[in-house]
Amino acid sequence: MIIDLPDTTVSKISRALVNVREEGGAVALGRVLTLIIATRRGIEEEAIEAANDASREHPMRVIVLMLDNPKAQPRLDAEIRVGGDAGASEVILLHAHGPAGSNAESLVTGLLLPDAPVVAWWPADTPEVPSRSDIGKIAQRRITDAAMQGDPHEWVLNLGGHYAPGDTDLAWTRLTRWREQLAAVLDQPPYEPITAVEVLGGGDSPSTPLLAAWLRLQLKVDVTWRYLDSEEWASGIKSVRLTRASGDIVLERPDALTAVLTQPGQPSHELAFPRRSLRECLAEELRRLDADLLYGRVVTEGIALIEH
């Protein structure tokens, strides 16, 4: 069900939500958090779709905030989606025109779930310091996406400069499968120390330096990394090579869907290794509402150790 509220106010939207609750009963209850998506018109549907999918694991209220031309006439249009149009969440779209969007915090404060955590997500356009932005100041968790920035590499290198507890970036979340597989390999004999590490990735992959920084912190060895030309590898991380006395451990993607694990004295293993979807990454970030301390160390300490 979709309810359109053109030229409205926050109080009218709140009353409409109460009516939905009274008419639909539990359909508007049982939410565990509020997700604020700060985005722009034209790209909001992909973010809403990912949030709706993630809501099956994390029932939530989703507030999609879109700020229009600040010189336009002040006006607030809204849309409420529930039921089949909102997965296991309820979605409130706010399209603020002109001065109506001058204070983003006031637009969303009256629509937050009471006594529930707030997560802020910027799918594309991101404030320079998310934790100090109007939306970031009221959120326990703040999610950005380096891959959607104008210069993903520069954004990753600067993450530590404006890091605050509760920050995270989807470039880090996309590394979970790589980190799990590499940790599992090193938990097996022979337990020889790693003496060198090499990480290779596509030129569009901000996850590459984050993986190199994580390995530098965890293994305490020199890590070399570089971006590959698009002719060599189109997108994402290509390979990780761990060197030790008995030979190299190599985890490498021959294509975008699989990876091959090669270890000395063992047959090669082909693994299902598709790139993680936006929905998977968002759902993972919503599983924890406390600060990701390891991510904080990677961006504030690890990046500086591998930067070149």
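Student: What kind of model is it?

Tutor: It is a predicted model.

Student: How many helices and strands does the protein have?

Tutor: The protein has nine helices and 14 strands.

Student: And what does the C-alpha trace span along its principal axes?

Tutor: About 70 × 40 × 35 Å.

Student: What share of the residues count as buried?

Tutor: 51% of the 308 residues.

Student: What about contacts between residues at least 6 apart in sequence: how many join residues at least 24 apart?

Tutor: 71% of those contacts do.

Student: Helix packing next. How do H2 and H8 cross?

Tutor: H2 covers residues 44–54 and H8 covers residues 278–286. Their axes come within 8 Å and cross at roughly 55 degrees. The two helices are therefore oblique to each other.

Student: Left-handed or right-handed?

Tutor: H2 passes H8 in a right-handed crossing.

Student: Which residues meet there?

Tutor: From H2, Glu46, Ala50, Ala51, Asp53 and Ala54. On the H8 side they meet Leu278, Arg279, Leu282, Ala283 and Leu286.

Student: Switching to charges. How many salt bridges are there?

Tutor: The count comes to 19 salt bridges.

Student: What about Glu284?

Tutor: Glu284 forms a salt bridge with Arg276, with 2.4 Å between the closest N and O atoms. Glu284 is buried, with a relative accessible area of 18%. Arg276 is buried too, with 16%. Elsewhere on the salt-bridge list, shared partners join Glu45, Glu79 and Arg81 into one network.

Student: And Asp77, what's its partner?

Tutor: Arg75, with the closest N and O atoms 2.8 Å apart. Asp77 counts as buried because its relative accessibility is 16%. Arg75 has 33% relative accessibility, so it counts as partly exposed.

Student: Now Arg179. Where is it?

Tutor: Arg179 is in helix H6, residues 176–186.

Student: Which side chain of opposite charge is nearest to Arg179?

Tutor: Glu284, 5.1 Å away. Arg179 is buried yet has no salt bridge.

Student: What does Arg179 contact, then, leaving aside its neighbours within four places in sequence?

Tutor: Trp172, Leu211, Trp214 and Leu294.

Student: Last one: Ile138. Where does that sit?

Tutor: Ile138 is in the loop between strand S6 (118–121) and strand S7 (141–144).

Student: Buried or exposed?

Tutor: Ile138 counts as buried because its relative accessibility is 18%, and the cut-off for buried is under 20%.

Student: Which residues does Ile138 touch, sequence neighbours within four places aside?

Tutor: Ile36, Glu105, Val108, Leu112 and Val118.

Student: How far is Ile138 from Pro117?

Tutor: They are 21 residues apart in sequence and 9.4 Å apart in space, C-alpha to C-alpha.

Key
Residues numbered from 1 in each chain as written. Predicted model: local features only at pLDDT ≥ 70, side-chain atom pairs only at ≥ 80, totals over all residues. Heavy atoms only, no water. Helix = DSSP H or I, 4+ residues; strand = E, 2+ residues; numbered from the N terminus. Buried < 20%, exposed > 50% of the residue type's maximum accessible area, 1.4 Å probe, protein only. Lys, Arg positive; Asp, Glu negative; His and termini not counted. Salt bridge = Lys/Arg side-chain N within 4 Å of Asp/Glu carboxyl O. Contact = heavy atoms within 4.5 Å. Axes fitted to C-alpha atoms, helices over the stretch in contact; angles between N-to-C directions. Parallel < 35°, antiparallel > 145°, perpendicular 65-115°, else oblique. Left-handed = near helix turned anticlockwise from the far one by under 90°.
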